[in-house]
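Hi everyone, thanks for making time today.

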There are 2 protein chains.
Amino acid sequence: MLQEKLNWRYATKKMDPTKAVPQDKVNRILEAANLAPTSSGLQPFEIIVVTNPEVKAQLSAAAYGQSQIVDGSHVLVFAAWDNYTAERIDAVVANLEAERGGKSDAVTGYYDNLKAQYLPRTAEVNYEHAARQAYIAFGMALTAAAFEAVDSTPMEGFDPAKVDEILGLREKGLRSVTIMPLGYRADAGDWLNGAKKVRKPMGELVTLVA
Amino acid sequence: MLQEKLNWRYATKKMDPTKAVPQDKVNRILEAANLAPTSSGLQPFEIIVVTNPEVKAQLSAAAYGQSQIVDGSHVLVFAAWDNYTAERIDAVVANLEAERGGKSDAVTGYYDNLKAQYLPRTAEVNYEHAARQAYIAFGMALTAAAFEAVDSTPMEGFDPAKVDEILGLREKGLRSVTIMPLGYRADAGDWLNGAKKVRKPMGELVTLVA
């Protein structure tokens, strides 16, 4: 079932601009991203959902003209925290306490220890760590899109500084990491549509230590 | 369906050491990891599957004693390429050509351009990029485990230099990124089993630019 969906999805190169993804499907894709596990449950990223045509055009230009960004109905920009801060970690702990019903010494101690580890590190080290977490959610959102029979394109090929500027991300303490247009594959014009999915032979991926 | 599975999974803290995951389930989890999309299709990582009890004990020690590594029946170590090289990229292209039936100027040109971009970069920059790709596959393997009703624990809390040494990864041009024990949750002894899954409110995850 999962594998059928993972085989169905592909990095769509040409989306049909006349077809929009229904909002309930977009919502379930975003909810899957929110369910992704992240290191210490920090969820150190946000997702900007762009439907505005002018902003999509600007994003496409910052992504070397990739047309899926304008032709897809919804463009998800995954943006990681630019750093870990005491305020951000405290907010995670506050939410955890509110949802699980109260403080616990174990939780307080765990996150105090985490702050002692993370806060002295450089912003770049912390951003790189946060970005990795965003990739887990990115993978789950791609998977969720396939379950919704929605096409998607995982994209790293863009100028992150320009995307950050277009969306005002740096002022919010965020940095763009990946982009995922959502839409429906066009009937024509996509050289990858129908091409054989190529992966490593399993024997090259996996080594057994038995 | 997907969301039900993502809600079912949790970072299992205590696995039942008497229960082993059947090999066909492990295989499907590995196949899902192999189906993950990666930047330019490079799949710049490998997965080491450890079932050997002595090696699991060493890995657990390198992971600050986390018991799931010894109690789970299979331990997946995701290891990223330490660098991009011409040989590695050429091997991907050769596989692509073999699977899709022949050379094309577009493919050759694309990967020549990629080599011109990647090979001058430092090993550290290339490793970080490769590691991010491994996280997409890591997320899909966690998802696949849930579809198999297999418990898993996403782990970053280990000493990567020690894990690399235990598995001889650096000699193979690999660096450990994440660890995923597979097994079955124990009936008792897991404080997280049954705890409410806590995530950000959707309004904090998502910003709409309409």
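First, some housekeeping. This is a predicted model, where local features need pLDDT of at least 70 and side-chain atom pairs count only at pLDDT 80 or more, while totals for chains, interfaces and linings use all residues. Residues are numbered from 1 along each chain as its sequence is written, chains are lettered from A and ligands numbered from 1 in the order in which they are written, and side-chain values use heavy atoms, with hydrogens and water left out.

Now the layout. Chain A has nine helices and five strands; these are DSSP runs, with helices being H or I of at least four residues and strands E of at least two, numbered from the N terminus. Along the sequence of chain A the pattern reads α-α-β-α-α-β-α-α-α-β-α-β-α-β. The C-alpha trace of chain A spans about 60 × 50 × 30 Å along its principal axes. Of the 210 residues in chain A, 55% are buried. Here buried means under 20% relative accessible area, exposed means over 50%, and partly exposed is in between, using a 1.4 Å probe and protein chains only. Take the contacts in chain A between residues at least 6 apart in sequence: 81% of them join residues at least 24 apart. Contact means heavy atoms within 4.5 Å.

On to the rings. How many aromatic pairs are there over all chains? A search of the whole structure finds eleven. Rings of Phe, Tyr and Trp (its six-membered ring) pair if their centres lie within 6.5 Å; planes under 30 degrees apart are stacked, over 60 edge-to-face, and the rest tilted. Phe78(A) and Phe138(A) have ring centres 5.2 Å apart and planes at 85 degrees, so this pair is edge-to-face. The pair links distant parts of the chain, 60 residues apart: Phe78(A) sits in strand E2 (residues 74-81) and Phe138(A) in helix H7 (residues 123-147), both of chain A. Phe78(A) is buried at 0% relative accessibility, and Phe138(A) is buried at 2%. Ring pairs also bring in Tyr135(A), giving a cluster with Phe78(A) and Phe138(A).

The charged end of Arg185(B) sits over the ring of Trp8(B), 4.5 Å from its centre, and that of Lys5(B) sits over the ring of Phe147(B), 5.7 Å from its centre. For this, NZ of Lys or CZ of Arg must be within 6 Å of the ring centre and within 35 degrees of the ring normal.

How are the two copies related? Chain B superposes on chain A by a rotation of 180 degrees with 0.0 Å of shift along its axis, at an RMSD of 0.0 Å. That is the relation of a two-fold axis. The same surface serves both copies, as 100% of the contact residues of chain B recur in chain A. The superposition is by least squares on the C-alpha atoms of residues with pLDDT of at least 70 in both copies.

Next, please find Arg121(A), in the loop between helix H6 (105-118) and H7 of chain A. Arg121(A) is partly exposed, at 30% relative accessible area. Beyond its neighbours within four places in sequence, Arg121(A) is in contact with Tyr84(A), Asn126(A) and His129(A). The side chains of Arg121(A) and Asn126(A) are joined by a polar contact of 2.8 Å. A polar contact is a pair of N or O atoms within 3.5 Å; within protein, one must be able to donate a hydrogen and the other to accept it, and residues adjacent in sequence count only if both atoms are side-chain atoms.

Now the strands of chain B. In strand E4 (residues 174-183) of chain B, ten of ten residues are buried. Strand E2 (residues 74-81) of chain B runs antiparallel to E4(B), joined by eight bridges; pairing requires DSSP to find at least two bridges between two strands. Trp81(B) has Leu174(B) as its bridge partner in E4(B).

Last, two backbone angles. Most residues other than glycine have a negative phi. Ser40(A), however, has a positive phi near 55 degrees, and Ala149(A) has a positive phi of about 55 degrees. Ser40(A) is buried at 17% relative accessibility, whereas Ala149(A) is partly exposed at 44%.
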